[in-house]
Amino acid sequence: MKALALQLRHPRPGLQWAATILGPLLAFALFLLISGANPIELYGMMIESVFGDWYGIGEVIIKSTPFILTALAAALPAKAGMINVGGEGQLALGALVATWSAVYLLSDMPGALGLPLMALFGALGGAVWAGIAGLLKTKGNMNETITTLLMNYIAFFTIGFFCQGILKDPASFNWPFSPPVAEQLRLPTFSVTSRAHIGIFIAVAVALLVWFVIYHTRLGFRIRTVGGNAEAARQAGINVKSIQLGVLIAAGAIAGLAGMIEISGIEERLRPTTGVNYGYLGFLASWMAWNHPLRLVVTALIIGTISVAGNSMEMNSGLPASSVQILMALVLFALLIMGRRKKA
Amino acid sequence: MFGRGSQQMSAVKPERIPGQIVLEAKGLTIRFGSLTANDQVDLKVIAGQVHAVLGENGAGKSTLMKMLYGVYVPDEGTLSMDGKPVVLHPPAQARLHGIRMVFQDFRLVPALTVLDNIALAVATKGTRYSPKSMREEIAKVATRYRIDVNPDAYIWQLDLGQRQRVEILKALLSPDTRIVIFDEPTSVLTPHEVEAFLDMIQVLKKDGYGVLLITHKITEVMAVADCVTVLRQGKVTFSATKSEGFTESHLVETMMGAKPMPSIKRKEEVHRECLLDVKGLTVSGDHGQIVLEDVSFSLHRGEIVGVAGISGNGQRELVETLFGLRHTLTGNINLDGKDITNERPGVLLDMGMAFVSEDPVKESVIPGFTILEHMILGGLPMTPKGFGVDWGSTLRQLEESEDVRRLKLADPSRSASELSGGNIQRMVLSRALLRNPRLLLVSYPSRGLDIGTTKAVQQILSALADQGSTILLISEDLSELFELSDRLVVLANRQLLGPYHPLETDMHTIGRVMLKGESA
């Protein structure tokens with residue numbers, strides 16, 4: 001009895017991981033039972049739909065790509081001691097500027113030149129959006145958590161404004177979306193059986209880059225110093241404000257790149273709903289990975305998997321796809337509890 | 001347990017009969033680990049009298065008050081009120097017995113008005129309170145004690161002096177208050193406000209309150225105290241009533257203690273070039289109050305200038321301003337003829353400054369970084385290697401340093417957040433010394449260090465100055481200041497006083513200047 005109590009208080013790492021993974025699934029199964037679905041059957045179908053064929057796996061990769069980038073947009077500022085909740089708006093602005101550049105500037109350019117430029121414009125859009133929050137923080141002493149969050153709403157309506165107005169496709173029968181981007185400005189796919197495009201490689205490359213900068217460069221050392229103790233950084237002669245501003249701009253650029261990839265790789269045109277919630281899910285992925293730029297690739301894939309599985313659940317059980325968000329929340333809680341235990 | 005029910009049940013006599021002993025503490029002892037913060041302390045609080053508790057920083061005054069206010073439970077000793085033994089822990093219990101404390105850092109809600117804050121503290125019965133009757137009561141008490149504060153102002157709008165008045169109102173509006181403890185009340189007040197405060201104390205005496213006044217300002221003690229207790233290193237070194245008599249000079253002596261005169265080697269008077277020149281410096285503190293006003297001084301090459309003063313008299317603000325961490329209101333700072341006023345710390349580091357903060361545990365440690373990683377933050381240069389840092393060469397420089405070896409720095413691969421205060425002190429000192437600075441700004445260098453390392457630090461600083469570096473040394477330890485300094489200055493009353501030459505003055509003179517300013 002005593003041994004059991006001890007075991008519960010100090011479980012072995014293997015057991016901890018098992019509980020972290022199985023706990024949420026069991027709790028969600030309970031929810032499914034109450035809603036009248038057969039959890040075992042449904043879990044089977046969800047796994048089948050995700051890992052059953054290349055198409056499913058491709059969907060997971062497509063879904064996870066923007067999550068990786070928006071997660072990085074949260075993780076990088078976190079290393080400098082800031083909380084960027086604005087991946088959502090930065091992605092949206094990236095998508096807007098990328099679409100605008102594709103439609104008005106780059107439509108006749110060859111893809112080899114046009115795609116990098118379009119990516120640059122996307123990153124620029126996100127960078128400017130995050131830069132506003134950065135300036136508000138460094139010049140106006142305003143909390144970046146609040147400003148980035150509020151600017152998400154402004155971004156959402158800004159996108160809507162353009163989709164309904166100057167960027168509206170004349171041939172859209174009054175639907176609010178932009179004209180499609182030219183064929184050569186679509187990201188190449190690497191598989192014939194799925195829609196998977198090369199965006200995942202870009203995302204993983206950016207993750208590697210962020211990881212390298214943070215942990216293996218002098219700049220990264222300074223960033224981590226600012227994040228660890230801003231006062232100590234100041235006393236060490238580090239210009240804390242310019243680091244904070246720079247990091248937020250870089251984070252915005254990464255999220256903006258996600259917006260460009262979404263347009264160029266999947267959506268082909270800008271809609272008011274482009275990338276909705278991707279910023280928040282990326283934020284989630286980042287915190288689940290304790291803001292580690294490589295570990296968050298894994299958590300982004302987990303969130304991507306759950307999202308794709310949610311679609312199949314909707315088709316098979318009649319439950320709305322959004323109910324899979326309950327599962328996502330449960331997974332997050334489990335991971336957070338585990339993280340707390342580790343610290344204690 | 002300490003809710004409203006017990007409040008109604010507790011039979012506290014709210015009478016305040018002047019001359020009666022309200023609270024008596026006998027043999028109070030409390031230990032924190034190996035430190036005995038209070039050792040066999042006796043104290044009496046008499047209604048209608050002011051009992052002043054004097055002592056240097058760290059003498060154990062605040063600890064003693066916190067035992068009387070129920071924050072700490074004494075390890076030994078007894079507390080009794082009206083002759084009956086009482087338990088005062090937790091503070092809610094102390095308040096039930098009519099003990100109120102006015103803290104240095106105020107316990108007020110900034111987003112609420114004065115009225116609301118007072119109501120929070122006073123109106124404990126029921127869930128509703130009547131703002132109207134509360135307002136009347138505030139007006140009544142405020143007039144009696146001449147406490148001028150607008151009940152509808154928000155706390156965040158008030159300056160420190162006004163906030164203190166709200167705290168005092170909170171204490172006085174509780175009908176069962178018998179003893180009011182003031183923790184260094186005048187440190188936040190302007191001279192004019194101090195006068196008003198002392199007047200108010202006189203009215204409190206007349207009304208039969210027992211007043212405990214923690215302070216290190218002798219003039220205030222002489223003005224209002226009926227009874228004084230001096231603490232040094234946790235022990236009572238002197239205790240007397242007014243009728244038994246106490247004099248200013250005697251109080252200073254008992255506070256400072258009879259420290260052995262250190263041996264001072266007289267350095268030859270040489271003409272030294274000026275390195276740092278400060279003119280007309282005015283600086284404000286964290287709350288916007290002026291802490292240094294029109295201060296001018298200069299530092300010469302190869303000299304150690306000691307800064308004495310009761311802590312909180314602008315030491316922190318002075319060095320922060322010199323190091324570019326705090327902006328000046330007025331004034332000029334010149335280093336080697338170059339204007340460095342409000343220059344960034346990074347630039348000043350490059351010009352050969354080094355800085356040891358007064359609170360390294362809080363301000364110098366990066367959680368998760370090793371000691372080695374800390375060395376390139378304001379210490380050794382960041383040697384590039386590819387995109388990263390050449391840690392190998394950093395480690396070599398660290399290991400080759402004689403100073404670091406003498407300071408007994410811990411293993412460089414250890415994480416700094418796991419270090420004790422003393423080891424962190426070794427780390428920040430090593431870091432500053434590795435820089436081989438032209439100008440070293442160092443605060444409390446021997447804090448947290450054992451005697452042997454303290455000696456080593458003092459020898460290293462001396463040697464550094466002999467090699468031509470300039471050191472501005474801030475310390476609370478007068479014997480350390482006398483031993484090391486070529487010149488001494490004192491911070492008191494927003495002024496920088498001096499310089500004094502350690503050979504031409506003595507600790508008691510400096511101590512008096514610290515406590516009372518130049519008029520002493």
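pLDDT is the predictor's confidence in each residue, from 0 to 100, and two residues are in contact if their C-beta atoms, placed from the backbone, lie within 7 Å. The structure is a predicted model, in which local features need pLDDT of at least 70 and side-chain atom pairs count only at pLDDT 80 or more, while totals for chains, interfaces and linings use all residues. Residues are numbered from 1 along each chain as its sequence is written, and chains are lettered from A and ligands numbered from 1 in the order in which they are written.

**Exercise 1. State the confidence of chain B and locate two stretches where pLDDT stays under 50.**

Step 1: the average pLDDT of chain B is 84, and 91% of the residues score at least 70.
Step 2: one of the stretches under 50 is residues 1–13 of chain B, for which the model has twelve contacts beyond four places in sequence; another is residues 260–264 of chain B, with seven such contacts.
Step 3: where pLDDT is low, the predicted coordinates should not be read in detail.
Step 4: for the complex, the predictor gives an ipTM of 0.83 and a pTM of 0.74.

**Exercise 2. Describe the overall build of chain B.**

Step 1: the C-alpha trace of chain B spans about 75 × 55 × 45 Å along its principal axes.
Step 2: among contacts in chain B with a separation of 6 or more, 69% are between residues 24 or more positions apart.

**Exercise 3. Work out the surroundings of strand β8 of chain B.**

Step 1: a residue is buried if 20 or more other C-beta atoms lie within 10 Å of its own, exposed if 12 or fewer, and partly exposed in between, with C-beta atoms placed from the backbone. In β8(B), residues 210–215, six of six residues are buried: Gly210(B), Leu212(B) and Ile214(B) point one way, and Val211(B), Leu213(B) and Thr215(B) the other way.
Step 2: two strands pair if DSSP finds at least two bridges between them. Strand β3(B), residues 50–54, is parallel to β8(B) over five bridges, and Val53(B) has Ile214(B) as its bridge partner.
Step 3: strand β7(B), residues 179–183, also runs parallel to β8(B), joined by five bridges, with Ile179(B) partnered by Gly210(B).

**Exercise 4. Trace the open sheet that contains β1 of chain B.**

Step 1: four strands of chain B take the order β2-β1-β4-β5, with antiparallel pairing, and the edge strands, each pairing on one side only, are β2(B) (35–46) and β5(B) (84–85).
Step 2: β4(B), residues 76–81, is joined to β5(B) by two bridges, and Met81(B) stands opposite Lys84(B).

**Exercise 5. Characterise the contact between chains A and B.**

Step 1: chain B contributes 21 residues and chain A 15 residues.
Step 2: on the side of chain B that touches chain A, the elements giving two or more residues are α11(B) (345–350) and β18(B) (388–389), and α11(B) gives the most, with three residues.

Notes. Rg over C-alpha atoms; globule rule 2.2 N^0.38 Å.
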